[in-house]
Amino acid sequence: MLVLLSTLVVFLVSAALWNGFVRRTPPSAAGAAPSVAPERPVPAESAPGGAPPPAPTRVPAPAPTPVVPSADAGGPSYFVLLARSEIRRRIRASAGITYLNEIVAASPDSVLHRWDGRVATPVRVSLAPATVANFQPAFLDAVRSAFQRWQEAGVPVRFNLDADTSSAEVRVQWRIQFEGERSGQTDVQWDQDGHVTGGVITLATFDPKGQPLGPDDLRVLAMHEVGHLLGLDHSPNVGDIMYAQPKVRDLSPRDVSTALLLYDLAPGLLRVGG
Ligand SMILES: [Zn+2]
């Protein structure tokens, strides 16, 4: 009985905490979602079983009753909830320095995705020549330097770009052109804890207007797509490589800070009640 009572108290406290955070979150989902949605051309969600229950999103319902952990129901513990609060606090505190706030606000499931523990065991990437029109061998070096750039920036993920296709976790593939206003796409998979488990980067050899791309264009393009592979979504700032239509040709300090913060935080769910 005492256990149940304290569980209930803990739950109410955390619900109150959550409400506190919700009020400080800039606009409600209704305001935030549509403004960002059209900017997100990259379908990065093939999360297995990732569809969250629609119930406890951001509507400040009084006290979400159904989640009260009973015996061994396995609801998030007090410490888990505290840890999530701390992560949200750190993300809020990074406003202006990173765009992680914007990424979380635009995230349909409030889950941080990133690779975990992949310095000692580099991520296996297959990067092979292609036969599509305008493919140049120099594109391979351009893609290599894009991966390299993120590693040099201090992101704690290593890539082995010499993996063969059968053992690769990430595949880089080529096509002539995309239909929409873009020249690259990254599809990322992750597990239920938010750990990225694999992905496919597709790069075009012609831009949307039909202009052939050169090696340096591919380097810039690949840097943007590797950002997605690392777990980043789009930045609203035109000065960042993760801007939806990249205008700059290198990582910005904000790109680097955002990635470093992401890799300093535990991946997974950020909201309460999951
Ligand atoms: Zn993108």
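Analyst: Two residues are in contact if their C-beta atoms, placed from the backbone, lie within 7 Å. The model is predicted, so local features need pLDDT of at least 70 and side-chain atom pairs count only at pLDDT 80 or more, while totals for chains, interfaces and linings use all residues. Residues are numbered from 1 along each chain as its sequence is written.

User: What does helix 5 lie across?

Analyst: Helix 5 (residues 138–152) lies across strand 2, strand 3 and strand 4, and runs at about 160° to strand 3. Axes are lines fitted to C-alpha atoms, for helices over the stretch in contact, and angles run from 0 to 180 degrees between N-to-C directions. Helix 6 (residues 215–230) lies across strand 3, strand 4, strand 5 and strand 6 (196–204), at about 20° to strand 5.

User: What makes a stretch count as a helix or a strand?

Analyst: Both are DSSP runs numbered from the N terminus: helices are H or I with at least four residues, strands are E with at least two. On that basis the protein chain has seven helices and seven strands. Their order from the N terminus is α-α-α-α-β-β-α-β-β-β-β-α-α-β.

User: How do you know that strand 2 and strand 3 pair?

Analyst: Two strands pair if DSSP finds at least two bridges between them. Strand 2 (residues 118–127) and strand 3 (residues 157–160) have three, in the parallel sense, which meets the cut-off. Val-123 stands opposite Phe-159 in strand 3, and Arg-124 has Asn-160 as its bridge partner there. Strand 2 also pairs with strand 4 (residues 170–175), again parallel and over three bridges; Leu-127 has Val-172 of strand 4 as its partner.

User: Why do strand 3 and strand 5 stand at the edges?

Analyst: The open sheet has five strands in the order 3-2-4-6-5, with mixed pairing. Strand 3 and strand 5 (184–190) each have a single partner strand, so one side of each is left without a neighbour in the sheet. The twist averages 25° from one strand to the next.

User: Why is Leu-262 called buried?

Analyst: A residue is buried if 20 or more other C-beta atoms lie within 10 Å of its own, exposed if 12 or fewer, and partly exposed in between. Leu-262 has 20 and is therefore buried. Leaving aside neighbours within four places in sequence, Leu-262 is in contact with Leu-100, Leu-112, Arg-114, Gly-231 and Leu-232. Leu-232 is 30 residues away from Leu-262 in sequence and 8.2 Å away in space, C-alpha to C-alpha.

User: What puts the buried residues on the same side of helix 7?

Analyst: The buried residues of helix 7 (residues 253–262) are Arg-254, Asp-255, Thr-258, Ala-259 and Leu-262. They cover an arc of only 130° around the axis, which puts them on the same side of helix 7. The arc is that of the directions from the helix axis to the C-beta atoms. Their cover includes helix 4 (100–106), strand 1 (111–112), helix 5 and helix 6.

User: What makes a set of residues a nonpolar core?

Analyst: The members must be buried Ala, Val, Leu, Ile, Met, Phe, Trp, Tyr and Cys residues, joined through C-beta atoms within 7 Å. The largest core has 47 residues, and those touching the most other members are Val-143, Leu-203, Leu-218, Ala-222, Val-226 and Leu-230. Helix 6 gives the most to this core, eight residues. Not counting residues up to four places away in sequence, Ala-222 touches Ala-142, Val-143, Ala-146 and Leu-203.
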